[in-house]
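Open the structure in your viewer and keep the selection tool ready. Each stop below says what to select and what is there.

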Amino acid sequence: MNQRLPVQGAQGDLLRLVATGRAESRAELARLSGLAASSVSLRVEELIDAGLLAEEGSGTSRGGRRPRRLRLSSGAGVLAVADLGSHHVRLGLLDLSGAPLVIEERGCEIADGPQATLDAIADAFDELLAEHVPPGTPLRGVGTGIPGPVDPATLRVVTPSRMPGWNDFPVADHLAARYDLPVLVENDANLMAAGEARWWPERENLMVVKAGTGIGCGVVVNGRLHRGRGAAGDISHVRVLSDDSILCACGHPDCLEAHASGAALMSVLRGSGIEVARTADVVTLVNDAVPEATSLVRTAGRRIGEVLTVLVNFFNPDVVAVGGSLSAAEPLITSIRAAVWERCLPLATRDLEIAPARAGRDAALLGAGALLLDAALTGR
């Protein structure tokens, strides 16, 4: 059952506070929202009547009688999200708090084109909903991450690499025609950044690098995802210095992605007679101490670090988190750290943490859930 959330405005703000775990009582909602206690109580009763909130048990006392605890109703709804890669897609059903109900990975060839790929994702959503969601629990929104630039105004893919047929395709319109619900379409690195930010609550400014088949970066400023006009954080086409010039898929020579992405490393290894089918195979070779792979990953890390050096000096983030399948190769992060520490100003690195991403391989799905809830509560 597809159904839009029936609340927006102040009600939506209160629901979001409970869904994200920031508030669990009416008193906390009043304190955080700035609304009068009577207004909060009225809106909470409406949310309970709408089947979105439930009130039970006892919460934490701040003196006096312990308040009743608010939580999302088990039937409030689910969100269907996907993280699309070149050769696979990770699918998830989340409750409105962003907690995963089920996560599954399936084979999927992005080169099959947008219609076939998106229809396959939608079919998979329908299967998961039928298998794992009780009848009557509504689907509230759908979202997908795309491994390419996404225009935030039109939700269309813009001149992506290694995605034939996707340029300017109306991804959101295609999905909305099937579901008639709020639809989120976002660059995969941005989703990863939104999901990763929840694991660094004490840090508000992050750069989250996704090093996989391609290379991307999401930027979080003051705790919020920064999209710019859709290309914020796109480090993949920054030019790097190299003795051996390589033409990038974008048509320019020596982009970072052409030298340091998983696809680039696999191409070099195959040229050396070492068979690899996916980026994870490169990591396996590094862990098995195959010198050709280890040397390539170290060089890739250094090149990524050299690009990040400029950005760290400019932005001064609190954290550079490195995720994606290549991040499991320890020499990559070590080389990134070495390059940044060598070239950045001491003031920029004094409190900087460069570390593996904390959210794991489901960071993009978690980020999609958080952003999709916002979309569902604003009616977009």
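**Stop 1: helix H1**

Select residues 9–19, which make up helix H1. Its buried residues are Gln11, Gly12, Leu14, Leu15, Leu17, Val18 and Ala19. Keep in mind that this is a predicted model. An α-helix has 3.6 residues a turn, so residues three or four places apart point the same way.

Now show what the buried residues of H1 pack against: helix H2 (26–33), helix H3 (37–49), strand E1 (53–56), strand E2 (69–72) and helix H13 (363–378). Then step just past the end of H1 to Gly21, where phi is positive, about 80°.

**Stop 2: a sheet of five strands**

Next, select strands E5, E4, E3, E6 and E7; in that order they form an open sheet with mixed pairing. Strand E5 (100–107) and E7 are the edge strands, each pairing on one side only. From one strand to the next, the twist averages 15°.

Helix H5, residues 171–179, packs on this sheet and touches E6 and E7. The direction of H5 makes about 155° with that of E7.

Strands of a sheet pair through backbone hydrogen bonds, either parallel or antiparallel. To see parallel pairing, select strand E3 (residues 78–84) together with E6; six bridges join them.

On to E6 and strand E7 (residues 183–187), which run parallel and are joined by five bridges. Here Ile146 stands opposite Asn187 in E7.

How many of the eight residues of strand E6 are buried? Eight of the eight are, so strand E6 (residues 139–146) is largely enclosed by the rest of the structure.

**Stop 3: Leu372**

Select Leu372, which is found in helix H13. Its relative accessibility is 0%, so Leu372 counts as buried; the cut-off for buried is under 20%.

Which residues does Leu372 touch, not counting residues up to four places away in sequence? They are Leu79, Ala80, Val81, Gly141, Val142, Gly143, Pro182, Val183 and Leu184. For a distance to display, take the C-alpha atoms of Leu372 and Val78: they are 11 Å apart in space, while the two residues are 294 residues apart in sequence.

**Stop 4: helix H6 and Asn190**

Helix H6 lies across E3, E6 and E7 and runs at about 100° to E7. Select residues 188–197 to see H6, then pick out Asn190 within it.

Is Asn190 buried or exposed? Asn190 is buried, because its relative accessible area is 2% and the cut-off is under 20%. Leaving aside residues up to four places away in sequence, Asn190 touches Cys217, Gly218, Leu225, Arg227 and Ala232.

**Stop 5: a second sheet**

Now select strands E10, E9, E8, E11 and E12. These five strands form an open sheet in that order, and the pairing is mixed. At the edges are strand E10 (224–226) and strand E12 (353–356), each of which pairs on one side only. The twist here averages 25° from one strand to the next.

Zoom in on strand E11 (residues 319–323) and E12, which pair in the parallel sense over four bridges. Val320 stands opposite Ile354 in E12.

H10 lies across strand E8 (206–211), strand E9 (215–221) and E11, and runs at about 165° to E8.

**Stop 6: two packed helices**

Select helix H8 (residues 262–271) and helix H9 (residues 279–287). Their axes are 9 Å apart, and the helices pack at an angle of about 65°. The crossing of H8 past H9 is left-handed.

Show the side chains at the contact: Gly262, Leu265, Met266 and Leu269 from H8, with Thr279, Val282 and Leu285 from H9. This contact has five nonpolar residues, two polar ones and no charged ones.

**Stop 7: cysteines**

How many disulfides does the count come to? The count is zero, with sulfur atoms within 2.5 Å as the rule. Select Cys344, which is in no disulfide: the nearest cysteine sulfur, that of Cys217, is 13 Å away. Cys344 is buried, with a relative accessible area of 8%. Finish at Cys108, also buried, with a relative accessible area of 10%.

How values were computed
Residues are numbered from 1 along each chain as its sequence is written. This is a predicted model: local features need pLDDT of at least 70, side-chain atom pairs count only at pLDDT 80 or more; totals for chains, interfaces and linings use all residues. Side-chain values use heavy atoms; hydrogens and water are left out. Two strands pair if DSSP finds at least two bridges between them. Axes are lines fitted to C-alpha atoms, for helices over the stretch in contact, and angles run from 0 to 180 degrees between N-to-C directions. Contact means heavy atoms within 4.5 Å. A crossing is left-handed if the near helix is turned anticlockwise from the far one by less than a right angle, and right-handed if clockwise. Ala, Val, Leu, Ile, Met, Phe, Trp, Tyr, Cys and Pro count as nonpolar, Asp, Glu, Lys and Arg as charged, and the others, Gly among them, as polar. Buried means under 20% relative accessible area, exposed over 50%, partly exposed in between (1.4 Å probe, protein chains only).
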